[in-house]
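Here is a short briefing on domains, cores and chain contacts. Please read it alongside the model.

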Amino acid sequence: MKTKNLLALLVAVLMVAVLAGGCATDGGGASGQPSGGEVATLKFWNIWGGGDSNHDAVLKVINDFNSANENIKVEVEFFENEAYKTMIRTAVAGDEVADVFSTWGAGFSRGFYEAGKLVKLDEYLNDGTLNKLYGGALSYFLFDGGTYGLTIGRNVSGFFVNPEVFDRAGAKIPATWDELIAASAQITANGEIPIITSSKERWVAGMLFEGMVTKAVGAELVNKTIGKEEGGSYADPKFLNAINRLGELLSNNYINSDRGAISRDEALASFKNGEAGLYYMGSWECSSVTESDFDVDWIPFPTIPGGGKATDFNGGAIDGVVVSSTTKYPAEAAAFVKYFCENLSREGDYMPVWNTVSIDAATRPPVFAKIIEATKNATDYVIWWDTFLEGTDVEIYQDALDNYINSTITAEAFVEELKRIQP
Amino acid sequence: MERVMKNKTAVVFFLFPSFVLFTLIIIVPVFMSAYYSVMDWNGIGAKTFVGLSNYIEMLSDTNRFLPAVLHTCFFAAASLCIQLPFSLLLALVLAAKVKGERFFLTVYFIPVVLSAVVIGQLWMRIYYPRGGLLNTLLINLGFMDKAQPTAWLGDIRTALVAVTVPILWQYVGYHMLLYYSGIKSISPDIFEAARIDGASFWQMSTRITLPLLKPILQVSLTFSVIGSMKVFDLVKVMLSDGGPSGSGEVITTLLVRRMFYPSNRYGYGSAMAILLIILCVVLYQSVGLIFRERRGER
C-alpha cells in the first residue's frame with residue numbers, strides 16, 4: 001500500500017513539474033526577447049529548394065547570418081513552389097506557420113495581412129533600411145500604409161533566345177512584332193519550334209500572354225485595368241488586339257503544339273536541348289538556362305505597333321519574405337528578414353532593388369547582365385496577373401486563357417470573360 | 001461472447017472509443033464543411049454568410065464544374081465496363097490452375113503497390129509527344145505523321161481517355177485479387193461435382209463461380225464506383241491543372257484548385273466537397289440496393 005501511495009505521489013509531482021515546465025517556456029516566450037544566453041530559434045520556410053537557381057545563394061546567406069549572430073539560429077526548410085502556394089495558406093490559417101516565410105506580395109499576401117497574420121515591420125525599418133531601397137520597391141508589400149514584408153529584388157520576364165536556332169533558319173532575332181512573325185515563319189519552315197511554352201501549367205503560358213498584352217496595350221493601361229482603376233477596361237480594343245496576336249502565333253504553330261502536354265520543366269529542358277528558338281520566362285531562370293550548350297541571349301517581348309513602349313516590362317519586386325504574427329521573436333525575425341533580403345539580392349538571380357547592392361557582372365551568367373542592361377531604362381512594369389488578381393478573378397482569367405489557347409472560345413468571347421473581372 | 005453482447009454497459013464501453021474517434025475524424029469535418037459551404041470565405045479572413053449561392057454557382061457552372069462531374073462519371077463507367085470485367089476474367093483464368101499462377105498474380109498486383117506519382121511519370125513518358133513510347137510505336141508502324149505527333153495529354157480530344165487508361169490499369173490487379181480470393185474460397189467439391197457432370201469452364205464460371213461470388217462483386221463494385229468519384233492523384237500528376245480546357249478535369253482536382261491556390265475560395269470548395277460526399281453516399285447505397293434486390297429475387 002505504502003509503495004502504491006509513494007508511486008501516486010511521484011506521478012503527481014512529475015505531472016505538476018511537466019505542467020510548470022510548459023508554462024515557464026510559454027512565459028519566457030511571451031517576453032519576446034531571448035534572455036541572457038538563450039538562443040532565439042527561427043524557422044524559415046521558403047521556395048528556393050534544390051532545383052532553384054537561388055538555392056546555393058540562400059544557403060550561403062543563412063549560414064553567414066547564423067555565424068554572425070550567436071543568439072539567433074535560423075533553421076531553414078525548403079518547399080516545392082506550386083505545392084507551397086497551397087500549403088502556406090493552410091499553415092498561416094492554422095497558425096502553424098514558420099516564424100519567417102517567403103511569399104508573394106500583392107493579392108497573394110493580402111489575405112494574410114487582412115487576417116492579422118503578419119508582423120508590421122515599419123518600426124524595425126527606421127534604422128536606415130528604407131533608405132537602402134529604391135523608391136517603390138516595397139509597393140507589393142504595403143497594405144493600408146504599413147510595410148508587411150521585404151523584397152529581395154525584381155524579376156523580369158522576357159524571351160530567352162537560342163541564337164543557333166535563328167542562325168540555322170537564317171532568321172533575325174526580333175525586336176518588333178513583324179520581325180517575330182517573320183523569324184517564326186523561317187524557323188518553322190526549317191522544321192524547328194520558334195517559341196516553346198507550357199499551357200499544362202497555366203501560369204507559364206499566362207506569362208507569355210501577359211508579356212504580349214503589355215506590349216500590345218501598354219503598361220499604364222494594363223496596370224489600370226487589372227488594378228480595377230478608373231480609365232482601365234478590358235473592353236479597350238487593344239486587349240482584343242493582343243488576344244488576336246496570340247491567336248496568330250497559335251494558329252500558325254509558332255508556339256509548340258504539345259504545349260498542353262508538357263510541364264514547365266519539360267519546356268525548359270527542351271529549350272536547353274536546343275529544340276526551340278525562344279522560351280518566355282522570368283529572370284530567375286538565368287542560371288538554369290545558362291547550363292545549355294549554346295550562348296543564351298535575352299530579349300524583351302517585341303514591340304507591337306500602336307501598343308506600349310519598348311521599355312514597358314512585365315515583372316516586379318513581388319518575391320518577398322514576411323514575419324508571422326505567431327513568432328515569439330519578432331525583433332530577431334525582422335533583423336533576419338532585413339539581412340536575408342539585402343544579401344540574397346547580392347547573391348541571387350534578382351534585379352537589384354537595394355541600392356547597396358552592386359552586381360558584379362563577371363560573377364554572373366552573361367544573360368543576367370544583359371537583362372539588367374535591358375531593363376535599366378524601364379518606364380513601367382506590369383506584375384504577373386496571377387499573383388496580382390485574387391479569388392474568382394484568377395479563375396476567370398486563367399480558365400478563359402486556357403480555353404482560348406485550346407480554341408474552345410473565340411478572341412471576342414475571351415474579352416467578354418475578362419470583362420467579368422471588372423467591378 | 002454472447003454474455004458480453006448482452007451486457008449493454010460492456011457494449012457501450014467497447015464502442016465508445018471508436019465512436020469518439022469516428023465522430024472527431026469523420027462526422028465533425030463533414031458538418032464543418034457543410035457550414036463553410038454556405039459562407040463566402042478565403043480560408044483566412046472573415047466569413048460572410050451567402051446561403052446557397054455557392055451551390056447555385058456550382059451547379060450552373062457549365063464551363064468547369066458540370067464537365068468535371070461528367071468526367072468523373074466517365075471514370076466510373078469505364079471502371080464498371082472495362083476494368084471490372086477484365087479483372088474478373090483474369091481472376092477466373094488464374095483460379096483455373098494456370099501454370100505460374102503465383103507469378104502472374106504478383107505481376108498483375110505490382111501496379112497497385114506503386115505510388116500514383118511513379119505511375120503518372122511512367123505513363124507520361126509513354127505519352128510524351130516527342131519520342132514517347134506510344135508515338136514512336138505509332139510512327140514506326142506508319143499510323144502517325146512524324147512531323148505531327150499527337151500530344152495525348154495536351155489534346156482536348158484525347159486527354160481524358162489518355163488519363164483513364166493508367167487509372168484502370170493500376171487497379172486491375174486489386175480487383176483481380178479480390179475476385180481471385182473469392183473464387184478460391186468456394187469449395188472445390190462443387191467444381192468437382194460439376195466437372196463429373198460434364199460442365200465446361202464457361203458453364204462452371206457463369207453458373208457456379210459468379211453466383212457464389214456476389215458478395216465479393218458487391219465489394220469490388222463499391223470500391224470501383226466510390227474510387228472513381230475520388231480519383232485525384234493520377235489526374236493531378238498527369239494533367240496538372242485539369243488538362244487542356246479542363247478536358248480531363250475531375251471533381252477533386254477542380255475542388256483543390258478552387259479551394260486552394262489560385263482561387264482560395266474555401267466556401268465554394270466546401271460546397272463541392274459536400275456534393276462529393278452526397279454523391280458517394282448515394283452511389284454506395286445504390287450499389288447496396290441493387291445487390292439486395294438481386295438477393296431478394298433469388
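Domain bounds here come from an automatic or database domain assignment. This is a predicted model: local features need pLDDT of at least 70, side-chain atom pairs count only at pLDDT 80 or more, and totals for chains, interfaces and linings use all residues. Residues are numbered from 1 along each chain as its sequence is written, while chains are lettered from A and ligands numbered from 1 in the order in which they are written.

**Domains of chain A**
- Chain A is divided into domain 1 (41-153 + 318-358) and domain 2 (155-316 + 374-419).
- Their C-alpha centres lie 29 Å apart.
- Domain 1 of chain A gives 13 residues to the contact, and domain 2 of chain A gives 15 residues. Two residues are in contact if their C-beta atoms, placed from the backbone, lie within 7 Å.

**Nonpolar cores**
- A nonpolar core is a set of buried Ala, Val, Leu, Ile, Met, Phe, Trp, Tyr and Cys residues joined through C-beta atoms within 7 Å. Buried means that 20 or more other C-beta atoms, placed from the backbone, lie within 10 Å of a residue's own.
- The largest core has 162 residues; Val100(A), Phe160(A) and Leu153(B) are among those with the most contacts inside it.
- At least three residues come from each of domain 1 and domain 2 of chain A.
- A second, separate core has 20 residues, including Leu84(B) and Tyr179(B).

**Chain B**
- Chain B puts 24 residues in contact with 31 residues of chain A.
- Val163(B) is in contact with Leu234(B) and Gly248(B), among others, leaving aside neighbours within four places in sequence.

Methods:
Buried ≥ 20, exposed ≤ 12 C-beta atoms within 10 Å, placed from the backbone.
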